[in-house]
Amino acid sequence: MDELDRGILAHLSQDARMSVAVLARRLKVARSTVQARLERLETSGAIAGYTLRLGDFAREHRIRATCLLTIEPRAQAAILARLRSLPEVERIHTTSGRVDLLLQLAAISTSQLDDVLDQIGGLTGVRSSESLIHLSTKLDRAS
């Protein structure tokens, strides 16, 4: 990955809807060069996809939570497959601490959050779960 690739990724991380023509102008290269680089970055897996980032208004009207899971070692693949199918599960991280998986959840109501936590806790292979509801955000550098 060279400087041009990093420039493309930097611009797209700020605005994934930026057109190839605008990218080319900003990076001062030919449109065909940017197009070829994008295709290579996608093929290599450096760009896994393009997504929507919710604004403050949409995020404020969702209840967020972290769920800590301890699971049976051989059940991880099945649990991950099931978790990926739940739309309230936004992120899944493996950990090196006392728990095996850390999930980031978002729901539109406490009852929806309660339902999804029940579903997660009831999955075959889940030994224990602990949930933490996010009250307010004091710092968010990921946005």
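1. Salt bridges: the criterion. A salt bridge here is a side-chain nitrogen of Lys or Arg within 4 Å of a carboxyl oxygen of Asp or Glu. Side chains of opposite charge can pair when their charged atoms come close. The structure holds eight salt bridges.

2. Basis of the note. This is a predicted model, in which local features need pLDDT of at least 70 and side-chain atom pairs count only at pLDDT 80 or more, while totals for chains, interfaces and linings use all residues. Residues are numbered from 1 along each chain as its sequence is written, and side-chain values use heavy atoms, with hydrogens and water left out.

3. Domains. The assignment gives domain 1 as 3–44 and domain 2 as 56–133. Such bounds come from an automatic or database domain assignment. The C-alpha centres of domain 1 and domain 2 are 35 Å apart.

4. Asp5 and Arg40. Asp5 forms a salt bridge with Arg40, with 2.3 Å between the closest N and O atoms. Asp5 sits in helix H1 (residues 3–14) and Arg40 in helix H3, so the pair links distant parts of the chain, 35 residues apart. Helices are DSSP runs of H or I with at least four residues, strands are E runs of at least two, and both are numbered from the N terminus. Asp5 is buried, with a relative accessible area of 2%. Arg40 is partly exposed at 44%. The classes are: buried under 20% relative accessible area, exposed over 50%, partly exposed in between, using a 1.4 Å probe and protein chains only.

5. Arg127 and Glu72. Arg127 forms a salt bridge with Glu72, and the closest N and O atoms are 3.0 Å apart. Arg127 lies in strand S4 (residues 126–133), whereas Glu72 lies in the loop between strand S1 (63–71) and helix H5 (76–84), so the pair ties together parts 55 residues apart in sequence. Arg127 counts as exposed at 52% relative accessibility. Glu72 is partly exposed, with a relative accessible area of 35%.

6. Glu130 and Arg98. These side chains meet in a salt bridge at 3.2 Å, N to O. Glu130 is in strand S4 and Arg98 is in the loop between strand S2 (89–94) and strand S3 (101–107), so this pair ties together parts 32 residues apart in sequence. Glu130 counts as partly exposed at 34% relative accessibility. Arg98 is exposed, with a relative accessible area of 64%.

7. Salt bridges that share partners join Asp2, Asp5, Arg37 and Arg40 into one network.

8. Further surroundings of Glu130. Glu130 touches Thr66, Cys67, Leu68 and Arg98, not counting residues up to four places away in sequence. Contact means heavy atoms within 4.5 Å. The C-alpha atoms of Glu130 and Asp118, 12 residues apart along the chain, are separated by 11 Å.

9. Gln104. This residue belongs to strand S3. Gln104 counts as buried at 16% relative accessibility. Leaving out residues up to four places away in sequence, Gln104 touches Arg64, Ala65, Glu88, Val89, Glu90 and Arg91.

10. Val20. Val20 is in helix H2. Its relative accessibility is 13%, so Val20 counts as buried. Neighbours within four places in sequence aside, Val20 is in contact with Arg31, Val34, Gln35 and Leu38. Between the C-alpha atoms of Val20 and Ala30, 10 residues apart along the chain, the separation is 9.5 Å.

11. Lys28: a backbone point to check. Most residues other than glycine have a negative phi. Lys28 has a positive phi of about 60° although it is not a glycine. Lys28 lies in the loop between helix H2 (20–27) and helix H3 (31–44). At 75% relative accessibility, Lys28 counts as exposed.

12. The second largest pocket. Its volume is about 380 Å³. The lining has 13 residues, of which Leu12, Ser13, Asp15, Ala16 and Thr51 lie nearest the centre. By class, six lining residues are nonpolar, four polar and three charged. Ala, Val, Leu, Ile, Met, Phe, Trp, Tyr, Cys and Pro count as nonpolar, Asp, Glu, Lys and Arg as charged, and the others, Gly among them, as polar. On a 1 Å grid over the protein atoms alone, a pocket is an open set of points where a 1.4 Å probe fits, with protein on both sides within 12 Å along at least five of seven lines; lining residues have an atom within 4 Å of a point. Grid points are joined across faces, edges and corners, and the volume is the space filled by probe spheres set on the points.
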